[in-house]
Amino acid sequence: MAVNFAAALAASERMKREGVLTNYAVGGAMALVFWTEPVATFDLDVFVLLPGETTLLISLDPIYRWAAANGYPAEGEHIVIGGIPVQFIPAHNALADEAIEQAATLDYEGVPVRVIRPEHLIALYLEPSARTAKRLQRVAALREESVIDAALLDSILRRYNLELP
Amino acid sequence: MNRGPNEPATTPRPSVELLERLRDDKRRLHAAARALSPAEKVQRVIDLQRIVLPQIARRRALRSHEFVWDDAGTGKAAK
């Protein structure tokens, strides 16, 4: 089976249209594909806002049910779509909410795809829980090699109390 | 020339100009990688997976999501 990255992206867009998700945006290493040089990774991270979040605990059951109904198998914490393991990651805080809401809508082979902007990717990588050496390398790559809106980045870092290395 | 403080003058070293040319060429390669289309970059990710996966497999057991995307369904993917 040939890999179909566009199918994996289109699935997120369909889930949004069908109300399984309120909104989504590609994050993690695959977001770098849209902003800078690609890096090795094995899965696609899709950050999501879920509808009806009135309880304290979020369930991914609706996503897994949608995937099963559409013939996409679950592999542990991933759903395999178009040959690609996809993780749907509920927004864990206000920064992630903002990153999803303000994502850029880009084009991948004719498929519209929402991608977290580089300034928000940097901020997410700088969160204490995410701040690994590997991610700090990505921060450096994004700052050195992609077009960053310095004022936007400063504003995000200030508002979320984050610091560049 | 780049020479350490106690290094004999006979040890051949690259010139500053040569090192700068090598660095320039590296920068050119990085710029070319950035200029690829998203589809070409996805193919580059798959090429990187082929390089990285055997290295990971030598260190530890592969996880269920760690496989080369092109190998999904061909029996070569890790299960």
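**Figure 1. Salt bridge between R23(B) and E20(B) in the predicted model.** R23(B) pairs with E20(B) in a salt bridge whose closest N and O atoms are 3.9 Å apart. The structure shown here and in the following views is a predicted model. Both residues belong to helix α1 of chain B, which spans residues 16–35. Because R23(B) and E20(B) are 3 residues apart in this helix, about one helical turn separates them. R23(B) is partly exposed, its relative accessible area being 44%. E20(B) also counts as partly exposed, at 34% relative accessibility.

**Figure 2. Salt bridge between D25(B) and R28(B).** The closest N and O atoms of D25(B) and R28(B) are 2.9 Å apart, and the two residues form a salt bridge. Helix α1 of chain B holds both D25(B) and R28(B), with a spacing of 3 residues, or about one turn of the helix. D25(B) has a relative accessible area of 37% and is partly exposed. For R28(B) the relative accessibility is 48%, which places this residue in the partly exposed class.

Figure 3. E66(B) and R63(B) form a salt bridge in which the closest N and O atoms lie 4.0 Å apart. E66(B) is buried, with 4% relative accessible area, whereas R63(B) is partly exposed at 46%. Elsewhere in chain B, one network joins E20(B), R23(B), D24(B) and R27(B) through salt bridges that share partners. Over all chains, the count of salt bridges comes to 9.

Figure 4. H120(A) is placed in helix α5 of chain A, which covers residues 118–126. The relative accessible area of H120(A) is 0%, and the residue is therefore classed as buried, the cut-off for this class being under 20%. When neighbours within four places in sequence are set aside, H120(A) is in contact with L95(A), E98(A), A99(A), Q102(A) and I156(A).

Figure 5. Chain A contains 7 helices and 7 strands. Along the sequence, these elements follow the pattern α-β-α-β-α-β-β-β-α-β-β-α-α-α. The radius of gyration of chain A is 16 Å, close to the 15 Å given by the globule rule for 165 residues, so the chain is as compact as a globular protein of that length. Taken along the principal axes, the box filled by the C-alpha atoms of chain A is roughly 45 × 40 × 25 Å.

**Figure 6. Burial, contacts and surface of chain A.** In chain A, 50% of the 165 residues count as buried. Among contacts between residues at least 6 apart in the sequence of chain A, 66% join residues at least 24 apart. Chain A carries 13 positive and 21 negative side chains. The centres of these two sets of side chains lie 2 Å apart.

How values were computed
Residues numbered from 1 in each chain as written. Chains lettered and ligands numbered in written order. Predicted model: local features only at pLDDT ≥ 70, side-chain atom pairs only at ≥ 80, totals over all residues. Heavy atoms only, no water. Salt bridge = Lys/Arg side-chain N within 4 Å of Asp/Glu carboxyl O. Helix = DSSP H or I, 4+ residues; strand = E, 2+ residues; numbered from the N terminus. Buried < 20%, exposed > 50% of the residue type's maximum accessible area, 1.4 Å probe, protein only. Rg over C-alpha atoms; globule rule 2.2 N^0.38 Å. Contact = heavy atoms within 4.5 Å. Lys, Arg positive; Asp, Glu negative; His and termini not counted. Charge placed at Lys NZ, Arg CZ, Asp CG, Glu CD.
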